[in-house]
Amino acid sequence: MKIILNGAPVLLDAGRDDATVDVLRDGLGLTGAKAACRTGVCGACTVMVDGTPQASCLLPAAAVEGRQVTTAEGLDHPVQRAFAVHDGMQCGYCTPGFVVEAAAFVDRWRGEHGDTAPPRERIAAALAGHLCRCGAYEGIYAAVAAACRGEHDAATGAPARVEAMDKVTGRARYTTDVRLDGQLEGVIIRSVRAHARVVEVKVDGAHTVDLLPSDRVVRYAGQPVAAVAAPTRREALAIAEGARIVYDPIPAALDDAPGAPPVYDESSRRRAPSSSEGLNLPGGWNGNVKGPFTMVSRRSRTARRRIEAARRRGDPLLVTGTFTTAVQVHTPLEPHACVARWDDRGDLHLHLSTQTVGLAAGQAAKRWDLAADRVHVVADHVGGGFGAKVGITAETVAAVELARVCGAPVRVVLSRAEELTDAGNRPGTRTDIALLTDDRGDLAALAMDVRGRGGVAVGSAVAVLARLMYGTAPRLLRDSDVVTNEPPGTPFRGPGAPPMLWALEQAVDEAAHRLGEDPVALRRRWDGNRKRHALYDWVAGLPVWLDRPGTGSQTGRFRRGVGVAAANWAYMLDPATEVELEVRGDVVVARTTVQDIGTGTRTVIAEVLGEELGLPPERIRVEIGRTGTVHGPPSIGSRATTSVAPAARDAARRLRAQGLTDGRRVVGRRRGDRRGYVTPVAVAGMALGRGFSGAVHVTEVEVDTRLGVIRPLRVWAGIAVGHIYSERLARGQCEGGIVQGIGYALHEERHVDPVTGAVLTTNLEDYRIPGIGDSPETVVHFHRDGWDHVNGGGVGVGEVSTIGVAASVGNAVHNATGWRPRDLPIRPDRLLEGIGG
């Protein structure tokens, strides 16, 4: 079979039914096209066929025979330079597909309209078949518009990221792209039962490893049972499908009804995984319910007494309600992936898609009883994580064990169905809230009772976060886990905060309405955080806030609403972070064991060094994403930048003092803050710093009262995090966080079969994440004061930028319709029932 690939004739050794994406990647080594969904939904595999963009995961090789195929590697197009300059990316996994589609659109548009920018809706329509889980849509809009105006026909403007050109050309290599000599493909065999003891596993004709826990009990459908390896993934899948597993069924708990069958017995409860970064709140068990945890309550008896008295007298200033949130799945476009190899010395080599290179290496050394320097981890580029890719997970265990059994490298890459089933999720919640104000309009009492539903995982920490908002009024805060035979929850961007704010910020909004007070003014009066005071002042002056409609005042099909929500997040850091600098000729090389998951860590280090040393970008090289150098932070908890940037600055100043002579080597450290830390170093090198970052989001929506569709139009995000190391990258983080908050509010909802426990939303059509057309226009305002005590003067933006967004959407819907949503996502059927009832 012959094709013209990127302008040159190529002979293919492929079956006619093989997917073109696999032929390109496995047969020809071109990895720009990514097989992220394999259902033609995400667009990551897009290539041009005779000049027309096509989803190569759905295109059989026979369909491209004799035709011209162009991949991102074969493009040399202004749109690639535009994406690089305008930062139309974060992790970059989706980027090659976007640029191929955008290149075709830009050429079409300019041919028809000349060098003019298309309307925003035309760009959205052209790129509708593409998804970016990082939410880099604002940068993509800007890049496509600039390319259409002809601004990047020549190489003008500096790329926003060090690695930008590698990402737009498909040269960036992710774990899913790794192919070693003699490499085998591994597949995980998973349970089809929600609860059973596995009696026997029979697999014919393959290398097999056991992945069952010591009691050989599976507790959810999709739990790993075993793994097999074969020369190709197709062969491995066939072997896995032929496996025979004998189960001894155990009754399953698939709801939170009292008297449900037990998920754990007393001896196995201690092995329950954590859904919140290793945090397991103390509390007893009552059947499948762990908790409640109430230790962070404040004057709880007073709160209870005041609220009960208000109930008895029917006090209109007592706001009560039940708010629920659905399970949200992380869904990074690069699935969990590992390539494992044991060398002749017995050292373990891991190519890993991970947020925690150093932590993963340490866990691997402990699990396989190796010295720390005998575990080598590489994560050159990581295609998103959002909290799901922390430490050693199932695909790594499977790859390592198979590599040892097979005596060859083994790659294990989760399918999209596996990713949506067993790779992590934000637990669902049910929150009962009562908020009482007194006659002066002050907060008199708050009660919040949260039941988290993280499947077989525990660690729900939602209500506890309400201790940190709105002063010191009495409050009764209760957190409980309702354990079920469903896949385990894991930490997800701001664990616990989005469901807490979904309930609290709507209750505060309702209190303002009942008091007849401006919702922003009320929050400012209750909130003691001075950094957020500056944000309230900014919001209060926005024309969209001043001109907002009266709540429930509109009629007609389309109604506009504006809502506000506040948020805070703890300042976390890794005080042990170091950066090593070495002068090689006229280039300064920086190294640390950190990874870049799309947040821009490489670029932050490079920009700090450039500023401190006065060097141009071409004289600085940053080598990260691997072990074998000094300690670096994990990319979790908004701590990477606030940890690594001060260390890079310290290293640069040491090097400058000693002179930039060839061979010079120095190590810089992240020195302490002026006021110290709240906690010492704890899990994964984390310390809790003094102070809280702040955010205030204002969201404008349009509500279609006939179809029940809510369209976010614009978002204004006030973010108080102090010094910003890289303006464009920080804005991109905030814009992406807003998009994920929109998804949580309006679209994302995992569904499980109530009889079998099997996850039903196992593709990106059934589990919907926001596309570019769902992305609102966004304005980000940074407040930079208040962090003088922090080394570097600033803290992270990743969590605080997303956690309050859903609540602002809920308040905007209430403003538009007069109906207050209680359940996430705010689906069309729920909205129509609410406003119709």
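**A tour from Thr 490 to the seven-strand sheet**

Begin by selecting Thr 490, which lies in the loop between strand S23 (475-482) and helix H12 (497-515). The model on display is a predicted one. Colour Thr 490 by accessibility: its relative accessible area is 19%, and the residue therefore counts as buried, the cut-off being under 20%.

Now turn to the open sheet of 7 strands. Its order is S8-S10-S6-S19-S16-S17-S18, and the pairing is mixed. Select strand S8 (207-210) and strand S18 (375-378), which stand at the edges. Each has a single partner strand, so one side of each is left without a neighbour in the sheet. From one strand to the next, the twist averages 25 degrees.

Within this sheet, select strand S16 (residues 337-342) together with strand S17 (residues 348-352). The two run antiparallel and are joined by 5 bridges.

Helix H9 (residues 357-367) lies across S17 and S18, and runs at about 150 degrees to S18. Helix H10 (residues 394-406) also packs on the sheet, where it touches strand S6 (184-190), S8, strand S10 (224-230), S16, S17 and strand S19 (410-413). The direction of H10 makes about 30 degrees with that of S16.

Methods
Residues numbered from 1 in each chain as written. Predicted model: local features only at pLDDT ≥ 70, side-chain atom pairs only at ≥ 80, totals over all residues. Heavy atoms only, no water. Helix = DSSP H or I, 4+ residues; strand = E, 2+ residues; numbered from the N terminus. Buried < 20%, exposed > 50% of the residue type's maximum accessible area, 1.4 Å probe, protein only. Pairing = 2+ DSSP bridges. Axes fitted to C-alpha atoms, helices over the stretch in contact; angles between N-to-C directions. Contact = heavy atoms within 4.5 Å.
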